[in-house]
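Subject: Structure handover

Hello,

Here is the structure I promised to pass on. Please open it alongside this note.

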Amino acid sequence: MIRVRDLHKHYEGHQLFKGINLDIGKGEVVVFIGPSGSGKSTFLRCINGLEYFQQGQIIVDDIELPSIDRLRPETKDLETIRKVRLKLGMVFQQFNLFPHMTVLENIIEAPIQVLNTDRAATIQNALSLLRRINIEQKAGSYPEELSGGEQQRVAIARALAMKPEAMLFDEPTSSLDPEMVGEVLSVIKDLVNEGMTTLIATHEMSFAREVADRVVVFDSGDILETGPPEEIFTSPKTERTRIFLSRVLKQ
Amino acid sequence: MMKNIPRVLSLFISLAVLLLWAAPFASASSLEKIRQRGYLLWGSDAEGGAPYIFPDPKDPSKLIGFEVELADEIARELGVTAKQAQNAWDSLIPALMRGDSDIAMNGIEITPQREKEVLFSLPYYIYTEQLVVKKDETSIKGVDDLKGKKVGTLSGTVAQDILMNMGGVDVKIYSGQVEPYEDLAIGRLDAVLLDLPIAAYYGKPNPKLKYAGLPVGEGFYGIAVRKEDRELKERIDEVLSRLVSTGRLKDIYVKWDLWNEKQAKLAGLEKLFQEKGYVSLEESKKAPIYTFFPALLKGAGITVFISVISMALAVTLGLVLTVIRLYGRPPLSNIATGYIEIYRGTPLLIQLYILYYGLPNIGISLNPLTAAFLGLGMNYAAYEAELYRAGISAVPKGQMEAALSLGMTRGIAVRRVILPQAFRIALPGVTNDFIALFKDSSLVSVIAMVELTKTYGILAASTLRFFELGLIAALLYFAMSYPLSLLARGLEDKLKRSKR
C-alpha cells in the first residue's frame with residue numbers, strides 16, 4: 001500500500017536520508033524504532049507530505065507524492081499531496097487538538113469542511129468514535145479541560161473520523177505522563193486488531209514487540225535492519241541495533 | 001574666610017530674589033523690550049497666506065506680502081527690524097497673549113469679541129467679503145442665493161460669522177485659505193466667501209472661478225497688541241497715521257493690487273477710532289458654557305461615527321493584507337508587505353492630505369467623509385495587519401500540520417483553524433488600536449471634517465475660551481475612550497485565564 005524507493009532528503013545542507021527503500025502492505029503493522037533524531041519521525045512525515053524530499057519516490061495507494069520546491073509549490077502538487085493525506089490519518093506527539101473547538105467540534109470539523117458530509121450523520125459517527133475510546137461524556141469539553149491521555153485519544157478519533165486507509169502515529173505517547181500511556185496504547189491496539197494498516201514511531205519497546213508485524217530500526221537517517229519483532233529483539237543482525245536495544249531495554 | 005561663605009551665599013540669594021521680584025517692574029514696557037531686543041516679533045501665518053504674508057516663490061526662504069512690507073515700515077519707525085513669529089492663523093491671538101509675539105497682524109478683523117482680549121491699533125485696511133463661485137455657476141448671483149448651498153470659508157473669520165448668521169447655509173470650515181478655492185474648483189463646494197484680498201489672490205486668477213456679486217460687509221484689519229501694551233499701541237497708531245498721510249500705505253496697496261476707493265476712508269478713521277467707535281458685545285463672550293454643549297456633542301457624534309466606520313475598514317482590510325502577505329504568492333505578497341511598510345512608515349497627516357487634496361490633481365475627488373474613512377481605515381489597516389501577523393505566528397506550527405494532515409486545504413486550515421486562534425491573540429491589541437484611532441480621528445479636521453476637535457477649534461477661536469472648551473472637549477474624548485480601554489483590559493485578562 002505504501003512504497004518508498006531511494007528516498008533522499010536534505011535539510012539546510014544536512015543530508016538526512018541517503019536512499020531509503022521500504023514497502024508496507026495493506027493491513028500491515030510496522031513499528032519504527034531507533035534513537036532520537038534517527039529520522040523515524042521525519043520518515044513518517046515525508047509519507048504524508050508534511051516534510052518535502054528532494055529525490056526518490058513515495059507512492060501511497062497508487063498516488064505518487066511529488067517532490068517539490070518548498071517556497072513555491074505548484075497548486076496541482078499541493079492537491080496531490082492532499083489526496084494522499086485523505087488516505088492517511090496522522091497522530092502527533094503533541095496531540096495538536098484545535099484549542100478553540102470542543103472535543104466534538106474537533107472531530108466533525110474536517111469531515112464537514114473537507115468531505116462535505118451531512119452534519120447530523122457526522123455528529124452521530126463522532127459520538128460513536130468517542131464511545132469507542134470511552135470519553136463520550138467529554139464531547140462538549142474544550143481540549144484544555146482534558147488530560148493528556150484523553151487529548152491523544154480524541155486526536156486519534158479525529159483522524160479516524162476521516163475514515164483513513166492507514167494510520168501514522170508519530171511518537172504518540174512520548175509527551176504523556178507514564179500513567180496515561182496505557183490508555184492510549186490500548187486504543188491503538190484495538191485499531192490494529194481491527195486490521196488497520198498502521199505505522200508507529202515509538203520508544204515503547206514492549207508495545208512494539210506486542211503489536212508489530214515488522215519492526216524497522218532507524219539510525220542516522222538509515223534503516224539498519226527490518227524484520228519480525230522476535231528476530232529484531234532476540235537476535236539483531238547489526239551491532240548498532242544491539243547497542244541501541246540494550247541501552248533502551250535497560251531503562 | 002571659610003566661615004564667611006554661607007553669609008556671602010545668602011547675600012547673593014537675597015539679591016537674586018530681589019532682582020527676580022523686581023524684574024517685572026523694572027522692564028517697564030514691551031516697547032522698551034523691543035528696542036533692547038532690536039526686533040519686533042509679529043505673529044502671523046505664512047501657510048497659504050498670500051497676499052498677506054507668504055514665501056517668495058522665487059526664494060522660498062524669504063517671506064513677502066503686503067503685511068510684510070507694513071511690518072517692516074512699522075519696525076523701521078520703532079527703530080528696530082521686524083521678525084515673523086509663525087503661528088496657525090486661528091491661534092495668533094492666544095499666542096500673542098501668551099507672549100509669543102509683540103503684535104499680531106495677519107488680516108485680523110477688529111471684532112468686539114477680539115477687542116475684549118486685545119487692544120487693536122487703528123485700522124490699516126478696510127476689507128470686504130467677496131463671494132466666489134465656479135465659472136459656469138448661474139444660480140448664485142450673490143450672498144442672498146446661498147440658502148442650502150455648500151459654502152466654504154476660513155475658521156474664525158468674519159465671513160464665517162456672516163454665513164452662520166444667515167441660517168440655512170451649509171457652511172464648510174477650513175483652516176487654510178487655499179483649500180476652499182481648490183475644493184470649489186473641483187466641485188466640492190458651491191461657493192466661497194472670504195475677505196477680498198484672499199479672493200483677489202486665490203479666487204480671481206483661477207480660470208475655473210469667478211466673482212459673484214459685489215463685495216459685502218465691511219470691516220477693518222487692525223494690529224493686535226496685549227491689553228497692557230497701550231504705549232506700544234499708541235506708537236503703532238502714530239506710525240500708521242503717518243503711513244496714511246504720506247501715502248506710503250497706499251503705495252504698498254497699489255503694489256499688491258489691493259487699493260480701492262474704500263481705503264481712502266482710512267485717513268478719516270483716526271478720529272472715529274479714537275472716539276471708540278466699537279461697542280463691545282460682552283454677552284457673547286460671557287455666554288454660559290452649556291450653550292456650547294450641543295455643538296460639541298454633535299462633533300463627538302461625528303467622531304464616533306468616523307472612528308467606528310474607519311475601524312471596521314481597518315479590521316477587514318488588515319485581514320486581507322495579512323492573508324495575502326503570509327499565504328499569497330509573489331508579487332501579490334510583496335505588494336501587501338510594501339503597503340504595510342509604507343503606511344506604517346509615513347505620517348497619517350500626509351496620507352490624509354494626499355488623499356483629499358492630492359488625488360484631485362489626478363482627477364479623483366473624494367468627499368470629506370469618504371476621505372476620512374479611507375484615510376484612517378487604510379492607515380490603521382497596516383497596523384491591524386501587523387497585529388494579525390503576530391497573532392498568526394503565535395499559533396503553534398502543529399495546528400497547521402494537524403489541519404493539513406486531516407486533508408484540509410491551506411485555505412480551509414487558515415480560515416477555520418489558524419485565524420480564529422490568531423484573532424483571540426490579536427484582540428487586545430486591536431481594541432487598543434481602536435482607542436488610538438479614536439483619538440487620531442481628530443486629524444481628519446484638516447480635510448474639512450467638523451468633528452469634535454474641529455468643533456472645539458472653531459468655538460474656541462471665535463470666543464477665545466480655549467481653556468474651558470478645551471477641558472470639555474478633552475473630557476468628551478476621555479468619556480468615550482475610557483470604557484474602551486476597560487474593555488481592552490477585560491479582554492486581556494480573560495485571554496490570560498483561558499486559551500480559547
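Below is what I found, chain by chain and then contact by contact.

Please keep in mind that this is a predicted model.

**The two chains**

Chain A has 251 residues, and 57% of them are buried. Its secondary structure comes to 9 helices and 10 strands. Take the contacts in chain A between residues at least 6 apart in sequence: 64% of these join residues at least 24 apart.

Chain B has 500 residues, and buried ones make up 50%. It holds 20 helices and 12 strands. With the residues again at least 6 apart in sequence, 73% of the contacts in chain B join residues at least 24 apart. Chain B exposes about 23900 Å². Here carbon and sulfur atoms supply 63%.

**Salt bridges**

The count over all chains is 37 salt bridges. Three of them, in chain A, are worth a look.

Start with A:Glu51 and A:Lys9. Their side chains meet in a salt bridge, at 3.5 Å from N to O. The pair links distant parts of the chain, 42 residues apart. A:Lys9 is in strand 1 (residues 2-11) of chain A. A:Glu51 is in the loop between helix 1 (40-47) and strand 4 (55-60) of chain A. Buried or exposed? Both A:Glu51 and A:Lys9 are buried.

Next comes A:Lys189 with A:Glu210. The closest N and O atoms of this salt bridge are 2.9 Å apart. A:Lys189 lies in helix 6 (residues 178-193) of chain A and A:Glu210 in helix 7 (residues 205-211) of chain A, so the bridge ties together parts 21 residues apart in sequence. A:Lys189 counts as partly exposed because its relative accessibility is 26%.

Then A:Asp219 and A:Arg240. They form a salt bridge, with the closest N and O atoms 2.9 Å apart. This pair also links distant parts of the chain, 21 residues apart. A:Asp219 is in strand 9 (residues 214-219) of chain A, and A:Arg240 is in helix 9 (residues 239-250) of chain A. A:Asp219 is buried, with a relative accessible area of 15%. A:Arg240 counts as partly exposed, at 45% relative accessibility.

There is also a network. Salt bridges that share partners join A:Lys9, A:Arg45, A:Glu51, B:Lys397 and B:Glu401.

**A helix pair in chain B**

Two packed helices are described by the angle between their axes and the distance between the axes. For helix 17 (residues 397-405) and helix 18 (residues 410-440) of chain B, the angle is about 145 degrees and the axes are 9 Å apart. The crossing of these two helices of chain B is right-handed.

Which residues meet? From helix 17 of chain B come B:Gln399, B:Met400, B:Ala403 and B:Leu404. From helix 18 of chain B come B:Arg410, B:Ala413, B:Val414, B:Val417, B:Ile418 and B:Gln421.

**A nonpolar patch in chain B**

B:Val304, B:Phe305, B:Val308 and B:Ile309 make a nonpolar surface patch of about 300 Å². B:Ile309 sits in helix 13 (residues 293-327) of chain B. Why does B:Ile309 count as partly exposed? Its relative accessibility is 34%, and partly exposed lies between the 20% limit for buried and the 50% limit for exposed.

Best regards

Definitions and conventions: Residues numbered from 1 in each chain as written. Chains lettered and ligands numbered in written order. Predicted model: local features only at pLDDT ≥ 70, side-chain atom pairs only at ≥ 80, totals over all residues. Heavy atoms only, no water. Patch = residues over 30% accessible without salt bridge, like charges linked within 9 Å, V, L, I, M, F, W, Y side chains within 5 Å. Areas by Shrake-Rupley, 256 points an atom, 1.4 Å probe, with all protein chains shown as cover. Salt bridge = Lys/Arg side-chain N within 4 Å of Asp/Glu carboxyl O. Helix = DSSP H or I, 4+ residues; strand = E, 2+ residues; numbered from the N terminus. Buried < 20%, exposed > 50% of the residue type's maximum accessible area, 1.4 Å probe, protein only. Axes fitted to C-alpha atoms, helices over the stretch in contact; angles between N-to-C directions. Left-handed = near helix turned anticlockwise from the far one by under 90°. Contact = heavy atoms within 4.5 Å.
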